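I opened this one to see how one chain sits in the whole. My notes are below, in the order I looked things up.

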Amino acid sequence: MNWKSLLRHETFLALLLVAVLIVLSFQSDRFFTVSNLLNQGRLMTEIGLIAIAMTFVIATGGIDLSVGSILGLTAILTGVFWQKLGLPLPAAAAGAIAVGTFAGFANGAIITRFSVPPLIATLATLALYRGLAEGISQARSVRGYPDWFYVLGQGEVLGVPTQLWILAAAAIIASIILAYTRWGRTVYAIGSNEVASRFSGLSVEKTKLALYTASGFAAALAGVIFVSRVSTTRSDMGTGIELDAITAVVLGGTSIFGGRGTIAGTMIGLCLIQALKNGLSLAGVKGDGTIMLIGAVLILAILASNLFERSGTR
Amino acid sequence: MSAVVDLPPTRPASAAQRPGFLRRLFADYGQELVVLAAIIALFVVVTMVNPRFISANNLTTIFSGNAYIAVAAIGMTMVIVTGHIDVSVGALIGVLATISGTLAVAGYPVWIAWLAPVLVGMTINACIGALVAYARIPSIVVTLGALSIMRGGLISVTGGTWITNLPPDFLIAQKSVLGLPVPLVFMVVLTVLAALWMRYSAFGRSLYAIGGNAEAALATGIPVERRTVAVFVIHGAFAGLATILFATQLQVIQSTVPPNLELTVITAAVIGGVSILGGSGTVIGSTLATILFATIGSALIFVNVSAYWLRAVIGLLILATVLADMLRRRGRI
Amino acid sequence: MRNRVLSALLALSFSTSLSHAQSAAWTGGDELPTNPLACDATPATVAAKPYDGGSPTNAPDRKGKTLKVVDVPKLVGIGYFNATSKGIADAAKEIGTMDAKTDGPSKANIDDQITLIDNYITSGVDGILFAANDPVAIAPVLKKALAAGINVVGYDANSTPDARQWFVNQAEFNGIAKAMVDSMAKETGEDGAFAIVTSTFTTPNQARWISEMAAYQAKCHPKMKWLETVEAQEDNILSFNQTNTLLNKYGDELKGVFGMTSVATPAAADAVTQAKKCGKVAVVGLATPNAMKPYVAADCVKSVVLWNPVDLGYAAAHVLRAVADGTLAPGATSVKAGKLGDLSVINGSEILLGAPTVFSKDNINNFDF
């Protein structure tokens with residue numbers, strides 16, 4: 001895989017996104033407005049943060065299915081630390097994020113120390129972390145946070161939803177790391193050929209451990225933002241979010257076998273899905289029709305880009 | 001355990017050359033034995049707490065109530081052994097159950113209502129397999145897409161109406177053969193046939209070769225593409241068979257996709273010893289893993305685990321089984 | 001290694017079995033205060049409360065104009081919300097000046113529901129009917145709808161009062177609890193032991209009912225014995241398996257099973273039927289009549305508790321029309337709801353549909369939903 005073929009999928013996807021935006025704005029005059037688009041940005045932040053970290057994980061040929069459960073666990077702990085332990089809310093949120101990050105670290109440790117395949121390890125922790133969230137919360141919700149806390153999930157900074165700044169910052173930092181640092185190249189190397197990377201002296205285990213920890217951190221951060229957006233905590237928060245994030249990542253051109261993928265692709269994939277969900281709804285298509293179309297777009301986009309690629313490089 | 005060394009993860013070497021029947025058994029079926037040991041341990045412990053655990057009724061609940069998951073996991077195992085995955089199987093079973101139930105209520109002979117899900121499942125999965133094999137789209141992408149399409153489509157078409165008034169003849173999962181519940185018979189017979197077929201037929205052996213190294217398999221003359229489609233078709237047939245059990249267990253069919261069924265089926269396959277990288281694993285393992293989950297679910301109620309902590313304990317037990325197997329492999333290296 | 005697994009399992013099982021504390025509250029209930037009804041049929045005296053709902057900002061005059069209404073249930077694809085959506089459609093047809101459509105998440109998921117409502121606010125509807133997956137989580141988006149001048153009316157599952165204008169209450173929680181526990185006591189006797197099959201412990205309505213049932217049972221049927229509550233998601237095979245496990249675990253001790261959802265109750269009835277324990281183990285629960293007909297006809301289930309969900313949707317649509325017309329304003333004591341007649345206002349900003357219906361063999365065939 002060379003750089004040209006990498007760029008090709010993202011270009012294709014970006015064109016598709018533009019086409020979709022144009023078509024949808026003709027369907028409803030309320031779609032292509034600044035306030036609607038910013039609002040959509042607010043709604044896609046949690047999946048976006050998780051998808052960014054997931055891009056790294058999948059680029060190494062791994063996967064992290066436990067992110068939704070980590071999100072739920074962090075949400076519950078934020079509430080429990082604040083209400084039951086009486087910590088100040090910032091400390092409670094930081095503590096919860098620390099635990100979420102540790103949950104990601106534990107995934108990484110199981111995967112690297114015990115050589116458990118990522119899919120199996122995170123399937124097991126998917127059940128475990130969700131179970132911990134349910135057990136700790138005793139199925140109780142924690143509500144009634146102070147108003148300033150809602151700025152994170154419901155407020156705006158300079159006219160843009162607060163969490164969208166966080167997503168943008170995360171996307172930019174992650175793109176730089178993945179594209180321009182030695183560490184980013186290590187990620188691709190592991191994904192292309194793990195054994196060869198190990199023999200060429202790259203710190204495979206450390207990199208993977210760091211990635212799963214980062215994935216846990218992203219999910220935990222998304223959890224706190226989610227709590228602030230919906231103003232309550234529940235142990236079932238984030239159920240199924242892993243498949244949404246993976247959909248955005250693979251639609252964005254990251255190979256599930258590892259070795260290729262970009263943050264730009266993931267972000268375009270994410271925007272495409274969100275635009276379809278929102279635009280079709282505004283155009284009067286029901287939710288079940290929308291998810292069918294997203295499924296079809298996923299298959300067709302990868303199919304089309306495969307065809308382009310083959311005719312181009314072979 | 002304290003002296004963990006950073007060994008490169010090595011694929012377990014085929015230990016066929018090692019002497020001794022037990023060692024060979026352990027080498028070939030290590031994960032299966034770990035799962036079996038866990039099941040037996042659970043049975044012993046829980047029966048000591050509450051002897052009703054091994055009453056005939058409870059054994060029926062454990063073995064028969066979840067047989068459809070085991071049957072679906074057989075197909076999933078074959079797909080994963082070839083190095084692919086299918087996250088759409090839950091949605092597929094939902095669609096097939098609706099088709100089967102609709103036919104039964106419409107008055108078609110029951111054998112048509114039973115055969116239809118198998119045939120439709122094979123057809124749908126033939127399309128999925130073709131996209132994977134010939135269009136070279138990774139299976140997780142195709143099946144993620146198929147999952148959305150089928151889940152959305154099912155609600156669009158049925159509008160969520162349940163199917164009731166099923167004819168009594170249709171409800172095969174509630175019948176018994178020679179005193180054994182039909183789902184149990186399905187599970188055992190299909191597992192044994194599939195296990196023998198995968199171990200001894202040329203076709204079955206070739207799946208391991210494809211999963212282990214597709215390029216090498218191609219070089220040795222295995223038609224990788226055609227085999228891939230065939231595996232998905234067989235998986236579709238098993239999904240259809242699972243549907244028959246699923247749809248006939250109760251007197252009503254819920255027309256929504258069973259929540260998280262695909263994760264349960266995949267977990268059963270991988271915990272049962274199927275390496276997600278392909279190339280190893282048996283359907284005996286996946287069936288045993290299904291039984292393990294069913295046993296855990298039942299056992300935790302029997303030993304009065306606080307319902308709030310139930311899922312955490314299930315997660316811990318799954319993790320323990322996985323780690324035990326990894327330590328076992330580590331011990332062998 | 002096998003020994004290690006074995007010992008780990010042993011340790012786990014024992015430690016967890018010890019951790020099961022026999023607490024006073026039933027598993028699955030919530031922490032809110034309860035208000036059990038009197039043991040006989042004395043109606044509760046309700047203190048009048050001032051209007052505590054919200055109001056839309058700068059709502060245009062919608063009197064007599066055709067309303068574009070969206071109905072967002074907890075999830076689509078289950079019989080119960082099909083019925084409410086049918087009721088809404090019936091009412092819209094009857095009213096004539098209402099254009100209603102139903103669109104809900106395919107999973108009972110707070111996030112999907114919020115996103116859907118947000119999209120409909122942007123698309124510019126006149127009215128939103130909702131059944132909340134979570135009373136607090138849905139509040140911000142509903143307040144946003146009110147701020148956009150949209151009329152917001154809830155049914156089935158409430159939000160915080162200030163996030164909507166009115167809520168059509170199908171039956172009060174303590175009323176349901178009384179109907180359920182009384183039915184069970186009638187079938188199992190005053191000293192029967194029973195268990196509960198619910199969806200998840202986080203579902204607010206179910207948690208509320210379980211708490212009210214616990215309070216009412218302690219007050220009026222003190223000798224009945226609650227054994228345990230199990231979760232079964234919205235999954236009928238799991239509900240079936242969980243009920244079977246309960247039957248196997250308690251054997252003859254178990255005299256009754258409560259199904260807390262329209263998915264769990266038929267599955268529990270099926271488990272009892274297949275275990276050939278009809279008549280020995282009572283099944284009482286919330287369910288739609290169509291799914292329960294086979295079990296009621298076979299005399300395995302004596303009573304099914306539910307309000308009429310078609311009427312619930314029908315009433316909600318009429319309330320929305322009345323709010324938009326300005327005929328239902330804060331301070332009103334009743335509202336006209338088409339063929340249902342006058343419905344009374346309770347708790348400040350709630351409209352009561354009526355007492356729950358108990359379906360039995362005699363009347364179940366009169367209902368089709």
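This is a predicted model: local features need pLDDT of at least 70, side-chain atom pairs count only at pLDDT 80 or more; totals for chains, interfaces and linings use all residues.

**Where chains C and B meet**

I began with the contact between two chains: 48 residues of chain C and 51 residues of chain B take part. I call two residues in contact if their C-beta atoms, placed from the backbone, lie within 7 Å. On the chain C side, α1 (2-19), α2 (79-95), β7 (225-231), α7, α8 (264-274) and α9 each supply at least two residues. Helices (H or I, at least four residues) and strands (E, at least two) are DSSP runs, numbered from the N terminus. Helix α1(C) gives the most to this side, with twelve residues. I sorted the side by class and got 19 nonpolar, 20 polar and nine charged residues. Here Ala, Val, Leu, Ile, Met, Phe, Trp, Tyr, Cys and Pro count as nonpolar, Asp, Glu, Lys and Arg as charged, and the others, Gly among them, as polar.

Residues are numbered from 1 along each chain as its sequence is written, and chains are lettered from A and ligands numbered from 1 in the order in which they are written. Chain C averages a pLDDT (the predictor's confidence in each residue, from 0 to 100) of 86, and 92% of its residues score at least 70. Over residues 13-23 of chain C, though, the pLDDT is below 50. For the model I noted ipTM 0.85 and pTM 0.87.

**Helix α7 of chain C**

I checked the length of α7(C), residues 236-250: its 15 residues should span 21 Å at 1.5 Å a residue, and the end C-alpha atoms are 21 Å apart, which agrees. The expected span is 1.5 Å times one less than the number of residues. After α7(C) comes G251(C), with a positive phi near 55 degrees.

**Two domains**

An automatic or database assignment sets the domain bounds. For chain C these are domain 1 (28-40 + 172-306) and domain 2 (67-170 + 308-353). I found 28 Å between their centres, taken over C-alpha atoms. Nine residues of domain 1 are in contact with ten residues of domain 2.
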